[in-house]
Amino acid sequence: MPNTRKPTSDRRRCKKCNRWAQFGSEYCWDHDPTVSDEEKHAARVRGGKASRKVHPLALDEIEDIADTTDLKRFTVSVIKGLVAGTVKPNQARALFTGGKVLKDVMELQLYEQLAERVSALEGDTAKRLESNGEWQISDRS
Ligand SMILES: [Zn+2]
């Protein structure tokens with residue numbers, strides 16, 4: 001199949017930064033002297049607002065991740081946003097990384113709770129055995 005794309009040889013590189021120049025110009029949009037600072041600023045503000053709008057998750061939804069059910073709901077929201085195109089792949093990766101950190105914290109909390117329960121059970125068992133005369137304090141290692 002022949003390459004039907006227009007040759008790019010007529011397209012120049014920016015004289016200042018070597019990015020692609022705008023068509024009919026020797027500069028990229030950032031360095032184009034015909035684009036005013038006000039226009040550049042306005043475009044950056046629009047871009048910032050647009051990229052914030054892309055985010056489909058409400059902030060309170062993220063703050064309310066307290067258990068595995070919440071974490072699952074959060075993960076499904078990110079996947080749905082990814083499929084719908086409202087979450088960009090790099091945003092999804094960052095959100096999944098945050099989700100994994102939360103999962104790790106939840107696991108640590110679980111280990112701490114289990115350790116406390118095991119410790120309490122050991123204490124109860126030792127007291128019961130001692131009161132029955134079956135176990136001396138010195139037996140505990
Ligand atoms: Zn440039």
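Helices here are DSSP runs of H or I at least four residues long, numbered from the N terminus. This is a predicted model. The protein chain has four helices and zero strands. Along the sequence, the pattern reads α-α-α-α.

**Confidence and overall make-up**
- Mean pLDDT for the protein chain is 80.
- A value of 70 or more is reached by 77% of its residues.
- Helix α2, residues 59-63, has the lowest mean pLDDT among the elements, at 60.
- Helix α4 has the highest, at 92.
- Of the 141 residues in the protein chain, 4% are buried.
- Take the contacts between residues at least 6 apart in sequence: 21% of them join residues at least 24 apart.

**Helices α3 and α4**
- Helix α3 spans residues 68-84, and helix α4 spans residues 89-131.
- Their axes come within 10 Å and cross at roughly 170°.
- Angles over 145 degrees count as roughly antiparallel, so α3 is roughly antiparallel to α4.
- From α3, the contact uses T68, L71, F74, T75, V78 and L82.
- From α4, the partners are P89, A92, L95, F96, G99, L102, K103 and M106.
- By class, this contact has ten nonpolar, three polar and one charged residues.

**Nonpolar core**
- The largest nonpolar core consists of five residues: I65, F74, V78, V87 and L95.
- Core members F74 and V78 are also among the α3 residues that meet α4.
- L95 belongs to the core and is one of the α4 residues in the helix contact.
- V78 is in contact with V87, A92, L95 and F96, leaving aside neighbours within four places in sequence.
- In soluble globular proteins, nonpolar side chains tend to be buried together.

**K72, on α3**
- K72 lies in helix α3.
- Is K72 buried or exposed? K72 counts as exposed because it has 12 C-beta neighbours inside 10 Å, and the cut-off for exposed is 12 or fewer.
- K72 and G99 are 27 residues apart along the chain, and their C-alpha atoms are separated by 9.2 Å.
- G99 is one of the α4 residues that meet α3.

**N18, before α1**
- N18 sits in the segment before α1, which covers 37-53.
- Its phi is near 70°, a positive value in a residue other than glycine.
- N18 is exposed, since 9 other C-beta atoms lie within 10 Å.

Key: Residues are numbered from 1 along each chain as its sequence is written. A nonpolar core is a set of buried Ala, Val, Leu, Ile, Met, Phe, Trp, Tyr and Cys residues joined through C-beta atoms within 7 Å. A residue is buried if 20 or more other C-beta atoms lie within 10 Å of its own, exposed if 12 or fewer, and partly exposed in between; C-beta atoms are placed from the backbone. Two residues are in contact if their C-beta atoms, placed from the backbone, lie within 7 Å. Axes are lines fitted to C-alpha atoms, for helices over the stretch in contact, and angles run from 0 to 180 degrees between N-to-C directions. Helices (H or I, at least four residues) and strands (E, at least two) are DSSP runs, numbered from the N terminus. Angles under 35 degrees count as roughly parallel, over 145 as roughly antiparallel, 65 to 115 as roughly perpendicular and the rest as oblique. Ala, Val, Leu, Ile, Met, Phe, Trp, Tyr, Cys and Pro count as nonpolar, Asp, Glu, Lys and Arg as charged, and the others, Gly among them, as polar. pLDDT is the predictor's confidence in each residue, from 0 to 100.
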